[in-house]
Structures are given as C-alpha cells and as structure tokens.
Amino acid sequence: LSKCENLRGTIFGDKGDFESAKQYFLNSLSFINPDEEKELAANLETNLGIIENIQGCTEASLLHLNNALSKYLVLNNHARIAEIKLNIGMVLHEAGQFELAEASLDECIELSKNKGLYPTLNLAYLAKSHVLISEEKYGYAFEFAEKAMDLGNSLDDKLTIADAYKIKGIIERKRGDFQSAEYYLLTSLRMNTNLQNTMNIAETSFELGILYQESGEVESRDGYLNSSL
C-alpha cells in the first residue's frame with residue numbers, strides 16, 4: 001500500500017498537482033515504520049522535500065532532504081545520494097544561496113559521472129544552468145542547457161528536453177534575441193502540453209508573457225500571463 005501511494009504521488013507530482021502528490025506521499029509514510037523501511041522512508045522524505053520547495057517552504061524542504069540524505073548515507077546508496085545533492089542544490093538556488101547551490105550541484109555532477117547516473121546527471125545540468133542564469137553567466141548557462149538537451153535526447157527524456165528548451169528561451173530573452181527566445185519557449189510549451197505537465201505549462205507560459213512584455217506585444221503578453229495564472 002505504501003509503495004502504491006508513493007507511485008500515485010509521483011504521477012501527480014509529474015503532472016503538477018502538488019497538493020494531491022503531497023497527500024499521497026504523507027499517506028505512504030503513514031503506512032510504514034521509517035526505522036525498519038529506511039529506503040522507502042528516505043524516498044518519501046525526498047519527494048516531500050521536493051514538494052515543499054515547489055510550494056515555497058525552504059526550511060521544511062531542507063529538513064526533509066537532509067533526513068533523506070542521512071538515511072541514504074547509512075545505506076551507501078550512491079544514486080540516491082546524488083539525487084539528494086541535486087535537490088538540495090535546487091532548494092539553495094531558490095533561496096538565493098548561489099555559491100552553496102553550485103557546490104551541491106557540482107558534487108552531484110561528479111558523483112553522477114563517476115557512477116554512470118545519467119538521468120540524475122541530466123537534471124543536474126539543468127539545475128546548474130538555472131543557477132548560472134541567476135548569476136548572469138549566460139554563456140556557461142547555455143552550455144549546460146546544451147549538455148542537458150544532448151543527454152536528454154540520448155535518454156529519450158522528453159520532460160528534460162522540454163525544460164532545456166525553456167532554459168534556452170530564458171537565456172536568449174536575457175541576451176535580447178527575442179526571435180530565438182520565442183522559438184525555444186513555444187517548443188517547450190508544445191512539449192509540456194503534450195506531456196500534460198501543468199506546472200511546466202504554467203512556468204513556460206509565464207516566460208512567454210515576460211518575453212512579449214519586453215518585445216512590446218501586449219495582446220500576446222496578456223494571453224500567456226492569463227494562461228499561466
């Protein structure tokens with residue numbers, strides 16, 4: 001039952017329904033003894049940490065993620081340790097602690113490369129790109145987005161590819177290349193719509209709204225911002 005509830009939570013999380021996902025994860029956790037089921041408990045703590053971060057609860061997110069990390073270190077689970085480093089890096093980025101975020105993501109990238117953890121490596125590339133954008137290092141950010149897209153294509157990871165297109169769109173908008181930015185963002189939006197990823201649809205629509213604001217296309221701006229809202 002606990003595993004089923006965890007899978008349900010993962011499905012709803014991928015679709016962007018985070019309230020439902022959180023409830024399923026909490027249900028799953030309530031069915032087990034965390035001391036006896038360390039692996040599953042750590043996985044649930046990770047999922048809850050991700051949800052709390054998305055909902056803006058930084059302290060709660062880091063608490064869940066560090067709880068998970070302590071369990072995975074005991075279990076010597078390299079794959080999960082890399083994932084936790086990734087997620088901690090993302091939370092720190094959201095909190096504006098860019099240097100600490102980069103350090104955690106670099107640890108994830110190194111571990112993922114050494115252990116052949118390519119899906120995690122792909123997500124770490126995307127996360128590193130986001131941090132570099134925040135630091136206004138657009139050239140390096142684009143390089144990491146390219147790495148993510150190349151690896152995503154080899155893994156047939158459509159969610160990551162869609163996110164890489166969105167990141168490229170953000171970078172080109174900040175560089176002032178509105179035509180390229182529009183192409184990348186519309187491609188991301190189309191892919192996310194096909195994947196029914198509500199959160200990513202909202203985020204990409206928001207970025208399109210910003211793009212059209214900066215390029216003076218008021219009607220398109222309002223349409224995409226209202227869609228995002």
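The legends below accompany a series of views of one chain, which is a predicted model.

**View 1**
Along the principal axes, the C-alpha atoms fill a box of roughly 60 × 35 × 30 Å. Of the 229 residues, 45% are buried, and the accessible surface of the chain comes to about 11600 Å², with 50% of that area belonging to carbon and sulfur atoms.

**View 2. The largest pocket holds about 1800 Å³ of space.**
Rolling a probe the size of a water molecule over the atoms shows where empty space is left. In this model the largest pocket is lined by 50 residues, and I50, I54, M90, L123 and D163 are those that lie nearest its centre. The lining residues divide into 22 nonpolar, 18 polar and ten charged.

**View 3. Several helices contribute to the lining of the largest pocket.**
At least two lining residues come from each of α1 (2-14), α2 (18-30), α3 (38-54), α4 (58-75), α5 (78-94), α7 (118-134), α9 (158-175) and α11 (198-215). Among these contributions, that of α5 is the one that gives the most to the lining, with ten residues.

**View 4. H64 is a buried residue of helix α4.**
The relative accessible area of H64 is 17%, and the residue therefore falls under the 20% limit for a buried position. When residues up to four places away in sequence are not counted, H64 touches E45, L48, G49 and E52. A second residue, T193, is 129 residues from H64 in sequence, and the two are 31 Å apart in space, C-alpha to C-alpha.

**View 5. E136 has a positive phi in the loop between α7 and α8.**
Most residues other than glycine have a negative phi. Phi of E136, however, is about 65°, a positive value although the residue is not a glycine. E136 lies in the loop between α7 and α8 (138-155), and its relative accessible area of 59% is over the 50% limit, so the residue counts as exposed.

**View 6. Q196 also has a positive phi, in the loop between α10 and α11.**
For Q196, phi is near 60°, which is a positive value in a residue other than glycine. The residue is found in the loop between α10 (178-195) and α11.

**View 7. L229 is exposed in the segment after α12.**
L229 lies in the segment that follows helix α12 (218-228), and with a relative accessibility of 87% it counts as exposed. L229 and K22 are 207 residues apart in sequence, while their C-alpha atoms are 21 Å apart in space.

Note on methods:
Residues are numbered from 1 along each chain as its sequence is written. This is a predicted model: local features need pLDDT of at least 70, side-chain atom pairs count only at pLDDT 80 or more; totals for chains, interfaces and linings use all residues. Side-chain values use heavy atoms; hydrogens and water are left out. On a 1 Å grid over the protein atoms alone, a cavity is a set of points where a 1.4 Å probe fits but cannot get out, and a pocket is an open set with protein on both sides within 12 Å along at least five of seven lines; lining residues have an atom within 4 Å of a point. Grid points are joined across faces, edges and corners, and a volume is the space filled by probe spheres set on the points. Helices (H or I, at least four residues) and strands (E, at least two) are DSSP runs, numbered from the N terminus. Ala, Val, Leu, Ile, Met, Phe, Trp, Tyr, Cys and Pro count as nonpolar, Asp, Glu, Lys and Arg as charged, and the others, Gly among them, as polar. Buried means under 20% relative accessible area, exposed over 50%, partly exposed in between (1.4 Å probe, protein chains only). Accessible areas come from the Shrake-Rupley method with a 1.4 Å probe; for residues, only the protein chains shown count as cover. Contact means heavy atoms within 4.5 Å.
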